[in-house]
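Subject: Structure for handover

Hello,

The structure is below, followed by notes on what turned up in it.

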Amino acid sequence: MLPNEPQSPSRSWAPHLYRRRYCCSWRTILHALTLRRLLFSLACAPILVFLAILCQGVPPSYDEIRVFERRLPQHSVSALTWAGSHPPRFLRFPGHLWGHGLNNVLQEALLMSYLAYASNISFVFEDYTWSHTPLPWTIYDFALRPARIPLNALISGPTAGGPMTTSRAPLAVSTEFYKHVCGGADVIPHIISSAEAPNDAEGSDIIEWWREQLVRVEDRCIEVDSTPQVLFDRFLFGGPRILSLWDALSSSPILADFAWSPIVQSAVARNFAVLRPQSAKDIYSTDPRPPLHGLVAVHLRRGDYTRHCPNLAKWGADYMGINQHPSLVDRFDPLPYVNDTRLKESYYLEHCLPTTEQIVARLHDIRAQHPGLRRVYVLSNDWAWALAGLKGALEDDGWEDLVSSVDIQLDAQQYYVATAVDMAIAEKAEVFVGNGFSSLSSNVVMLRMAKGIDPRSNRFL
């Protein structure tokens, strides 16, 4: 028999060898992380992030929309004479709003084009601009988005160069055409400064002041320098001073001939099965009565509003100006709570950032006043899972169904104008329930009222 002693060294070494082969030590890790490998990993990180962004898709260029804009009838040499021998004048606002949401930009563009119309001058419309990068795209939320979208991808009508059915005022032109006409070395635009503008006056007085400045100018190319102060600031849109303009603005071609772009309208038509009109042709209806019978559209703003709504309470803010129109049913009155900070904030949050229970109770009351309502469409920037609880709670309260922005099917072009698609649906709903502090809700209310829809069908949370 062989002796046992030679086996003992093997047994004693076995655990030691096992540890050296399979156990990691800090020394091993530091040895593996050489400077070269570390630099290589850092160099690869941006590439991996870029590839992850590209995997989410490249936004469309909207090139065919730009071709459409270039071929507008007023964009021709023969169009440089208007009403006989009188050449048109052009009004551009180089300091227009950019890098903001669609509805802040839309508010400003509508009022600027109305000023041009009231002054008998051709308005120069701009792209919806998110970024001034020289590239066609920018990065937002780790995804590519168009840096600029042609205005006619979002809206149609006089503000975007469309015809005016009840006026012979000069038609709006694109920035590209304006630069072609007014960008020569021999052309010096006439500059009007906003320094002396009465920005604290009533909206109608502000428009009249600017109109008086513009009618005196005989130059073809006119630009407004808004560096001293913004032409139409958020305080005008956010307060009741805008209401002094309502009668003139709502009856003007700027709103009377306003329409959503064919891209937006095609998205609404594409989702007729989700929206469930009584007849598919109702989707194309121009009748002032809302065509989506039985549907209540609700604007639930989330995201940044979790911070914004408590700030509104601190500032003592009121509803947006149009949302204070006297023909509207609902009023916002925090006066009873001004001396109690906690109750005041609760009152604001109930109307600005309501809970699921508060939404269900509010819609229950509105359905009692509009018995034909059966379905709910939610315009929201919230996640789909966050709306699931609301859907169940509303169905428990007797609603047939709830669909939202996330249920709408959109192609690539429609996806980047999805906010306008939501608004077009809300405009067609039998009842719209908005957030009184929101410019989106304010614009929906404005467009519904301008189309002659019963103001009592516009409600607020």
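What is the handedness of the link of C309 and C352? The link is left-handed, with -65 degrees about the S-S bond. The model is predicted: local features need pLDDT of at least 70 and side-chain atom pairs pLDDT 80 or more, while totals for chains, interfaces and linings use all residues. Residues are numbered from 1 along each chain as its sequence is written, and side-chain values use heavy atoms, without hydrogens and water.

Disulfides

The whole structure holds two disulfides (pairs of cysteine sulfur atoms within 2.5 Å). In sequence order of the bonded cysteines, they pair 1-2, 3-4.

The sulfur atoms of C309 and C352 are 2.0 Å apart. This pair links helix α13 (residues 305-315), which holds C309, to helix α14 (residues 341-352), which holds C352, 43 residues apart. Helices are DSSP runs of H or I with at least four residues, strands are runs of E with at least two, and both are numbered from the N terminus. C309 is buried at 0% relative accessible area and C352 is buried at 1% (buried: under 20% relative accessible area, 1.4 Å probe, protein chains only).

The other disulfide joins C182 to C221, S to S 1.9 Å, and is left-handed at -80 degrees about the S-S bond. C182 lies in helix α6 (residues 175-182) and C221 in strand β10 (residues 221-225), so the pair ties together parts 39 residues apart in sequence. Both C182 and C221 are buried.

Regards

Key. Buried means under 20% relative accessible area, exposed over 50%, partly exposed in between (1.4 Å probe, protein chains only).
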